[in-house]
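Q: Please walk me through this model, and tell me what stands behind each term you use.

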Amino acid sequence: MKSVAKRDPLIPAWLRSSRVIGAYSVIAGLAIWQLAYQGLTWTHYFKAYAINHFLSSPLQVIQSFGELYQSGELLRHSYFSLLEFVYGFLLAIGVGILVGFIMATSKKINYYLDPWVSCLYATPLVALAPVIMVWFGLGIFPNSLVVFLGAVFPILLNTYTGIKSVRENLIDVVRAFGGSPSQVFFKVMIPDATPTIITGIRLAVGRAVISVVVAELFGAEAGLGFMVYFYSQRFLPGPVFVAIVVLVVFGILSFLALEKIQGWLSPWYAYRLRREAHGMELE
Amino acid sequence: MSAIGTIYRSHEKKFDAVISVILGLIIWQMIDSLFIRNPLVLVGPSRVAQSFMNLFSRGLLARHVYATFVEFILGYLVGVVTGFGLGVAMALSRRAKEILNPWVTIWYNAPIILLAPLFITAFGLGLVSKVVIVFIAAVFPVLFNTYTGMTTVDGRLVEAVRAFGGTPRQIFFKVTLPGALPLIMTGLRLSVGRALVGAIVSEFFGARAGIGYLITAASEAFRTAEALVGVVLLAIGGYATFEVLKYIERRIAPWYEHRV
């Protein structure tokens, strides 16, 4: 115990909240990055190792963001990536929920599909991207297929788990009061499984974004992944970082949006959700 | 007949799995040999097996698997240790948590694979660039799960130990760490998948050996069978590590309820 008397804190409380400290941390990190880059430019290593060919500074990234935005290149690439993402992801949601539901309700089908699903889930399916390019050629469709493969299994497995873990006593109650099978389905199973299904969809977002990028590396005429590859091969790191920032922002925004949707669809789950939101990946 | 029926019914799940796999392979083979007879488009399991044996006997397979394995294991181990350390630091110190949290969120959600081309230009085609990518891919699931596990340990247990005069050290080693163990193991398992993807994708960009290299090199030359050998190897490797870690998880923390 150093001093018992309470002093007024030097920094007011709102400046010490964890959100503001987080913002400081990000700003400080960016500043360190910028300063380190500046410092490097003055040493002779900078020229000797051609560091500006693979490292960029925050200011340069902002500058190349402006250039790419004005020339319309960024929007074109983002549009292509977004299309692939949306097609593949919607297909994954549809198929994942349907197959997951069928597997949860029919034991026989579950037994037959289970070895395939668990094996494909453990496989890094981005490895199939080059093979898919060979089969289906270039363009939006094969890339969407890679996104589909990347995203479908978390959704499928979470739908399966969600439907399987619907509380039996709820179903019994509805049935005891004369509920029809369709009522059991729509009033009990769907609402009870929704949070788990959306958790699966949230997990799938990250995988889908990676799949978009990897698919575009192999064969594409446009897209953010194509942009990364194109500029990194020309040793221009600025645009590469721009694409990365766009994808990071997209990933985080869709993650937060799905968290909101989950809160609307199943508010009773919001508490558990908040505990799990920080990274605890459900399977 | 009834004896077979009883055996079948008592192990229905396993039998069905085997039947399903065999049926799938037969259908795949039939499509290959009856409908699409173009080896550029589709190759059946027999052709994949053939080219597996071919690669194996030439010693190429061992070389590629070894290269990927070294990248994977180095990056994974460093990533796991770092992730665990940072996770513990974030769970124990509020300040560390506040400073690290935004960065961890950003990096965890970022498609880190995108950095692969940059790392390759920076660190070259060799081992270093891949290990760095695998490391970044593997570190965050462990970090997050260590943190979540340590912060969600039942407060009553901590209080009980403290009430009986437990030191902070004892609380850490006897309560918090064992309590967090199941989640940490889950993090280890999730990291395996991400690290594997990291290793493969970094090999796509530029490598001299490795399963990812095998897949790209083969598919660019339209040797689809060889590419599929790589994919099948990954499937087996991924599945095996997944199951082994699941088994360890169950042994270490049998009280922990598994979700799947």
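A: Gladly. Chain A is divided into domain 1 (10-41) and domain 2 (59-277), with bounds that come from an automatic or database domain assignment. Taken over C-alpha atoms, the centres of these two domains of chain A are 33 Å apart. This is a predicted model, in which local features need pLDDT of at least 70 and side-chain atom pairs count only at pLDDT 80 or more, while totals for chains, interfaces and linings use all residues. Residues are numbered from 1 along each chain as its sequence is written, while chains are lettered from A and ligands numbered from 1 in the order in which they are written.

Q: What makes up the secondary structure of chain A, and what counts as a helix or a strand?

A: Helices (H or I, at least four residues) and strands (E, at least two) are DSSP runs, numbered from the N terminus. By that rule chain A has twelve helices and zero strands.

Q: Why is Val131(A) called buried?

A: A residue is buried if 20 or more other C-beta atoms lie within 10 Å of its own, exposed if 12 or fewer, and partly exposed in between, with C-beta atoms placed from the backbone. Val131(A) has 21 C-beta neighbours inside 10 Å, so it counts as buried. This residue is found in helix H6 of chain A. In chain A, 37% of the 283 residues count as buried.

Q: What makes H6(A) mostly covered?

A: Helix H6 of chain A (residues 129-136) has eight residues, and six of them are buried. They are Ala129(A), Pro130(A), Val131(A), Ile132(A), Met133(A) and Val134(A). They pack against helix H7 (140-164) and H9 of chain A, and also against H10 and H11 of chain B. Just after the helix comes Gly137(A), with a positive phi of about 80 degrees.

Q: Which residues does Val131(A) touch, and how do you know that they are in contact?

A: Two residues are in contact if their C-beta atoms, placed from the backbone, lie within 7 Å. Not counting residues up to four places away in sequence, Val131(A) touches Ser219(B), Thr224(B), Ala227(B), Leu228(B) and Val231(B).

Q: What covers H6(B)?

A: The buried residues of H6(B) pack against H10 and H11 of chain A together with H7 and H9 of chain B. Those buried residues are Ala116(B), Pro117(B), Leu118(B), Phe119(B), Ile120(B) and Thr121(B). After H6(B) comes Gly124(B), whose phi is positive, near 90 degrees.

Q: How many residues do the two chains bring to their contact?

A: Chain B has 54 residues in contact with 53 residues of chain A. On the chain B side, H11(B) gives the most, with ten residues. By class that side has 34 nonpolar, 15 polar and five charged residues. Here Ala, Val, Leu, Ile, Met, Phe, Trp, Tyr, Cys and Pro count as nonpolar, Asp, Glu, Lys and Arg as charged, and the others, Gly among them, as polar.

Q: What makes a set of residues a nonpolar core, and how many are in the largest one?

A: A nonpolar core is a set of buried Ala, Val, Leu, Ile, Met, Phe, Trp, Tyr and Cys residues joined through C-beta atoms within 7 Å. The largest has 132 residues, and Val214(A) is among those with the most contacts inside it. The largest share of this core, 16 residues, comes from helix H9 (residues 181-218) of chain A. Leaving aside neighbours within four places in sequence, Val214(A) is in contact with residues including Ala129(A), Ile113(B) and Val201(B).

Q: What describes the packing of H1(A) and H5(B)?

A: Helix H1 of chain A (residues 18-42) packs against H5(B) at an angle of about 65 degrees, with axes 8 Å apart. Axes are lines fitted to C-alpha atoms, for helices over the stretch in contact, and angles run from 0 to 180 degrees between N-to-C directions. A crossing is left-handed if the near helix is turned anticlockwise from the far one by less than a right angle, and right-handed if clockwise. This crossing is right-handed.
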